Structure formats: structure tokens, C-alpha cells
Amino acid sequence: MVEGNTTKRARVYADVREEASGVPSLLESLGVLVIRRQLPEGDYIIPPDIVVERKNAKDFVSSLFDGRLFDQASRMRNDYEEVFYIIEGDFSRELRYWSDKERQLIGALATLVVSYNVKLLWSSSTKQTAEYLASLASKYLTKGRGSKPVIINKKPSAQSLREWQLYIVESFPGIGAKTAERILEKFGSLESFFNASLAELASIEGVGESKAARIKELLKAPFKVERRVTTLDKFYGNPADANSPSDEDK
């Protein structure tokens, strides 16, 4: 894309652990600017708000069973506007291995798309994966979104108390870097921030009543311990439960 005399290249942030796959190098051969980082979620980020997770077909199916995929999709949907999964390999072959649960797997896929608003792309190879990523990056750049800054929420170093304080405050919904600075300048410490009243929080520029109420709700809400169940059991019930003795039978 050319704007005046300036040529803009499509950019993709690649997780450093993806280097061994060869996809980042393939992207560079396609003319994409690849920036390698340790990403908190996903394998690739297309600026400013698209995240892409690359999975081979076998791992994709197994993660549907053990609950990992839905947990991950939920986290990524909270942080990014659009979420893509690229599934590499022969998915139909994996379905044959789980032929007795094919209906449940297809239902779980439908839930992933409908309830989590996730987009699925099917790839036959790492080369095709790179072509998908290059095409997505180019499309979003053409829309004028690729020039916006991308924020990667990387944990600070263990030595930097100030960075950790800002990182914790920025973790609250709707709180950006500048507002986090104002909050900590106002209260002086995380402890004072946590103990602040609703009115005190709402008075800070960039917070307001609705964000203040959300912050207090998060701080006061009790933590709920959830029993871990497999994804398919969660959505379709656990057949083993039908054979388990009831309290009356014991």
C-alpha cells in the first residue's frame, strides 16, 4: 500500500515460540514485516486488535475435550476485537479417530463460532498458514487499521515495582496507561487504591462512575472455585454420571 511517497508494509507480531514452525520466516518471504515478541495470548497479533492462534488439527480436537480451547478463546475475546484460529492438518482424519463423538465435536465447533464469535480457517501446511496471515495483515492495513499502535501486555521485570504497580492497575477493565498513572499519583499505593471509596475513584479523570463501580465490583467479588470438567462433558453432559450411584443408592 502506497500513501504519497511512503510505502506501508503489513505488520505481524509473532510469538518467539513460533520461530521453530518456520511461519515467521515464510511471512517475511511474502513481504510482511514480522516483529518477534513473547505474546501473552495467541501466536500472532495483527495490529491493532486481531489475534491469531495456530493449532495443528490433533491438538485442536484434544483441546476441545479438555477445556483448554474454550478457556483460551474466552480470554482472547476479552482482549482483542477479533479472534482467529488457524487449524493446520487433516481435520477430517482427526474426526474419524473420534467417530463416536463426531456430533459432539461439531456441536462444540458451532458453540465456539456462535457463542465466542471466533473465526476458523483451515490450512493444509505452514506455507498456507503464512499466506493466510499475510492476507489478513494486508486486508487490515488496507482498511487503515494497521497504522494504529498495538499494545502487548507483557509482564514487567521482577525488579521494577513501579512497572508492576502500573501493570496491576492497567489490568482493570477500561483503565489505560495514562489513567493508571493518575490513579497511582492520586492514591500513592495499590493498597490505598484498593481501599478507595466509589466516590474517590469516580472523581479521577478517565474513570467516572461506571468504571469505578466495575472496579469496586471486581475488588469485592468473592472468588468462585469451579470444578474442572471436559469441554464436551460441559456442553453435552457426562454420560458417566448416568451410571454413577446416587446418594440414595449408597
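**Figure 1. Asparagine 117 is partly exposed in this predicted model.** Its relative accessibility is 40%, so asparagine 117 falls in the middle class. Buried means under 20% relative accessible area, exposed means over 50%, and partly exposed lies in between (1.4 Å probe, protein chains only). Asparagine 117 sits in the loop between α5 (102-116) and β8 (118-123). Helices (H or I, at least four residues) and strands (E, at least two) are DSSP runs, numbered from the N terminus. The phi of asparagine 117 is positive, about 55°, although this residue is not a glycine. Residue numbers start from 1 along each chain as its sequence is written, and side-chain values use heavy atoms, with hydrogens and water left out. Because the model is predicted, local features need pLDDT of at least 70 and side-chain atom pairs count only at pLDDT 80 or more, while totals for chains, interfaces and linings use all residues.

**Figure 2. Six strands make an open sheet.** The order is β4-β3-β5-β6-β7-β8, and the pairing is mixed. Two strands pair if DSSP finds at least two bridges between them. At the edges are β4 (33-37) and β8, each pairing on one side only. From one strand to the next, the twist averages 25°. Strand β3 (residues 11-15) runs parallel to β4, and five bridges join them. Arginine 11 has leucine 33 in β4 as its bridge partner.

Figure 3. Axes are lines fitted to C-alpha atoms, for helices over the stretch in contact, and angles run from 0 to 180 degrees between N-to-C directions. Contact means heavy atoms within 4.5 Å. The buried residues of α2 are Ala57, Phe60, Val61, Ser63, Leu64 and Phe65. An α-helix has 3.6 residues a turn, so residues three or four places apart point the same way. Just after α2 comes glycine 67, with a positive phi of about 95°.

**Figure 4. Helices α2 and α5 meet through nonpolar residues.** Their axes come within 11 Å and cross at roughly 85°. The two helices are therefore roughly perpendicular to each other. Angles under 35 degrees count as roughly parallel, over 145 as roughly antiparallel, 65 to 115 as roughly perpendicular and the rest as oblique. From α2 come Phe60, Val61, Leu64 and Phe65; they meet Leu105, Ala108, Leu109 and Leu112 of α5. The contact has eight nonpolar residues, no polar and no charged. Ala, Val, Leu, Ile, Met, Phe, Trp, Tyr, Cys and Pro count as nonpolar, Asp, Glu, Lys and Arg as charged, and the others, Gly among them, as polar.

**Figure 5. Ring pairs link Phe60, Tyr85, Phe91 and Trp122 into a cluster.** Rings of Phe, Tyr and Trp (its six-membered ring) pair if their centres lie within 6.5 Å; planes under 30 degrees apart count as stacked, over 60 as edge-to-face and the rest as tilted. By this rule there are nine aromatic pairs. Phenylalanine 60 and tryptophan 122 have ring centres 6.5 Å apart and planes at 80°, so they are edge-to-face. One is in helix α2 and the other in strand β8, so the pair ties together parts 62 residues apart in sequence. Phenylalanine 60 is buried at 0% relative accessibility, whereas tryptophan 122 is partly exposed at 37%. Phenylalanine 91 and tryptophan 122 are tilted, because their ring centres are 4.9 Å apart and their planes at 45°. Phenylalanine 91 belongs to helix α4 (residues 91-97), so this pair joins parts 31 residues apart in sequence. Phenylalanine 91 is buried, with a relative accessible area of 12%.
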